[in-house]
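This report goes through one protein chain, from its overall build to a few of its residues. Keep the structure in view while reading.

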Amino acid sequence: MIKSIEICFDGYIQNINFKYFENRIHLPEMNFSDSFSLKFKFKYPILRLRNHDYTWVKPNKSYLASELCPKILQLSNGLYIQANTVKGAWTISPDNTTLHWLFNQPYQYPYTQYENSNNQKITKHHKYTINLSILKLLATKHPLEFSRSKIGFTPVVCFTDHCDFDTRDNLKTIRTFFKKYHIKTTKGIFLNQFSKRETNASYETDRCELKSWEQDGHELAYHSLTQSIREKTKALKEFENFTPLQNAKTWIDHGYQPYNFTLSQKNKTIEAFMKTARTKKISFFWTYIDNASAQKGILNQLDANSFSLNQLLKATQHFGFVHRWSLRIKGVLFYYYESKKAVLVYKMIASSYKSFKQRMNVKNLFLFLKQIVRLSSLVITPLLSLKYKNKIFPLSMYKPIVFPFINNTFLFQTVEINDFKNGLSNSNQNQLLKDKGFVILHTYFSVKLNYHKGRLLIDDHTVNPAVEHNFKILSHHIKSSKLWNPTLTELIEYMRPLFNSELTLDASNKVVFKEKNYLLTRYIK
């Protein structure tokens with residue numbers, strides 16, 4: 001079945017002595033804590049592969065099976081090959097006889113840290129220590145696949161809402177709206193009241209209303225602790241000493257709060273942040289990572305091919321000139337490049353334009369035009385070249401939507417959605433149903449800024465009717481059990497066993513879990 005196995009690390013390629021018995025491929029005891037990959041050369045061509053949508057696909061260059069996708073293939077001799085763990089990612093070579101099993105690659109497990117005096121955004125890469133002996137390929141005629149959804153092989157839509165624009169009035173409006181349509185969300189809150197906006201809601205001032213959210217089935221999550229930033233010493237002390245809410249397990253970073261996860265390496269260490277967070281029963285963390293902004297055709301985080309400039313150009317072609325190009329430029333700088341240089345150019349453009357509007361003089365005009373030239377040099381080539389337009393955004397390449405971090409915690413990344421008219425359109429929902437898709441959305445339900453096209457609210461008391469129609473469709477899918485709409489905690493708690501479970505073969509050569517768990521599974525016929 002196997003001709004050879006090679007391991008690739010630090011620029012070296014080394015043959016591995018392996019054993020094949022009891023329909024299992026066994027690897028030797030070797031520890032790796034940096035980037036490496038395994039290369040399996042089969043005696044027979046790969047006939048087909050199990051896709052993220054639970055269908056069979058022919059071998060293709062875009063195939064990649066992440067932790068949340070089945071790692072199952074069939075050889076031309078009819079035998080099925082399945083990984084004994086969800087760890088790592090699978091890809092295949094163009095010759096259709098070679099499987100690559102990848103670990104600790106750049107962007108496979110990303111998270112954000114802000115560094116230096118000007119808070120430069122840096123993408124870090126989490127790495128696991130892997131012993132090769134725990135990795136096995138199982139040869140079987142009865143492969144087993146797991147459901148990402150608690151209601152069984154359906155799509156997943158999870159909302160994580162940021163509370164930057166929450167007021168007492170719009171909180172009630174949105175809660176009433178969600179109750180009408182049976183929508184659940186992970187509701188970000190400011191625990192304490194400290195804001196430059198007088199009407200900003202917080203748990204301190206609006207406890208009764210936010211408790212009503214919990215009673216309606218939503219979960220509360222910390223969006224840091226306050227809207228505005230206190231003096232550094234006071235802020236760090238506030239984080240150390242705050243009394244946690246009983247059921248809040250999710251942390252969503254906000255602003256440049258000095259105690260944030262994304263500033264933990266700058267002010268202390270990630271381990272120190274996690275130690276405090278765990279004493280507060282916090283387990284799940286968002287670190288400023290969005291795959292893209294949702295638009296038509298851009299939603300399902302398991303479909304990495306939809307996160308590209310080519311897809312963004314298609315999704316925005318019907319917009320007005322200014323809106324169209326603002327979304328495209330943001331897409332290039334934030335998602336295509338995903339670099340501190342590109343983000344800095346975006347910030348400099350915004351800053352110089354603001355200065356020019358305030359003082360229209362020659363000096364400010366020159367500075368603004370200088371930034372326009374810098375922007376053009378970054379944007380023009382990728383938007384015009386087919387070679388670059390089809391490149392998958394780095395943060396979407398390995399589909400690291402949810403992954404274990406340290407001390408029994410998890411990190412998650414999201415798709416930002418400001419435009420519910422297009423991002424949550426009927427066509428997007430139908431495609432999500434067809435593909436058995438998966439998306440964690442980063443929302444601002446209460447925002448009322450005019451440039452947020454397709455926002456939920458027109459004002460604090462009025463829901464946008466054009467958007468309401470899409471939520472009505474979503475509600476129908478939820479009530480008819482065609483789609484699972486969990487809170488983030490419900491989602492990760494259901495999926496938690498997946499990351500540590502091991503598959504094996506029973507006496508009849510069927511794939512089974514080594515230890516029982518509550519994941520929904522089925523055999524592939």
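## Overall build

The protein chain of this predicted model contains 14 helices and 30 strands. Its radius of gyration is 24 Å, close to the 24 Å that the globule rule gives for 525 residues, so the chain is as compact as a globular protein of that length. Along the principal axes, the C-alpha atoms fill a box of roughly 75 × 55 × 45 Å.

Of the 525 residues, 58% count as buried. The chain exposes about 23,200 Å², and carbon and sulfur atoms supply 53% of that area. Among contacts between residues at least 6 apart in sequence, 72% join residues at least 24 apart.

## Aromatic pairs

A pair of aromatic rings is described by the distance of the centres and the angle of the planes. The structure holds 47 aromatic pairs. In one of them, the rings of phenylalanine 178 and phenylalanine 445 have centres 4.9 Å apart and planes at 75°. Planes over 60 degrees apart count as edge-to-face, so this pair is edge-to-face. The pair links distant parts of the chain, 267 residues apart: phenylalanine 178 is in helix α1 (residues 168-181), while phenylalanine 445 is in the loop between β25 (438-443) and β26 (457-459). Phenylalanine 178 has a relative accessibility of 0% and counts as buried; phenylalanine 445 is buried too, with a relative accessible area of 0%.

Another edge-to-face pair is made by phenylalanine 273 and phenylalanine 285, with ring centres 5.7 Å apart and planes at 65°. Here 12 residues separate the partners: phenylalanine 273 belongs to helix α5 (residues 270-279) and phenylalanine 285 to strand β22 (residues 284-293). Both phenylalanine 273 and phenylalanine 285 are buried. They belong to one aromatic cluster, whose members also include Tyr111, Tyr222, Phe242 and Trp251.

## Charges over rings

The charged end of arginine 50 sits over the ring of tryptophan 56, 5.1 Å from the ring centre. Lysine 280 lies over the face of phenylalanine 242, at 4.7 Å from the ring centre.

## Threonine 250

Threonine 250 is in strand β21 (residues 250-252). Its relative accessible area is 0%. Buried means under 20%, so threonine 250 is buried.

Leaving aside neighbours within four places in sequence, threonine 250 is in contact with residues including Thr186, Glu219, Tyr222, Phe412 and Thr489. The C-alpha atoms of threonine 250 and leucine 220 are 7.9 Å apart in space, although the two residues are 30 apart in sequence.

Conventions:
Residues numbered from 1 in each chain as written. Predicted model: local features only at pLDDT ≥ 70, side-chain atom pairs only at ≥ 80, totals over all residues. Heavy atoms only, no water. Helix = DSSP H or I, 4+ residues; strand = E, 2+ residues; numbered from the N terminus. Buried < 20%, exposed > 50% of the residue type's maximum accessible area, 1.4 Å probe, protein only. Contact = heavy atoms within 4.5 Å. Phe/Tyr/Trp six-rings, centres within 6.5 Å; stacked < 30°, edge-to-face > 60°. Lys NZ or Arg CZ within 6 Å of the ring centre and 35° of its normal. Rg over C-alpha atoms; globule rule 2.2 N^0.38 Å. Areas by Shrake-Rupley, 256 points an atom, 1.4 Å probe, with all protein chains shown as cover.
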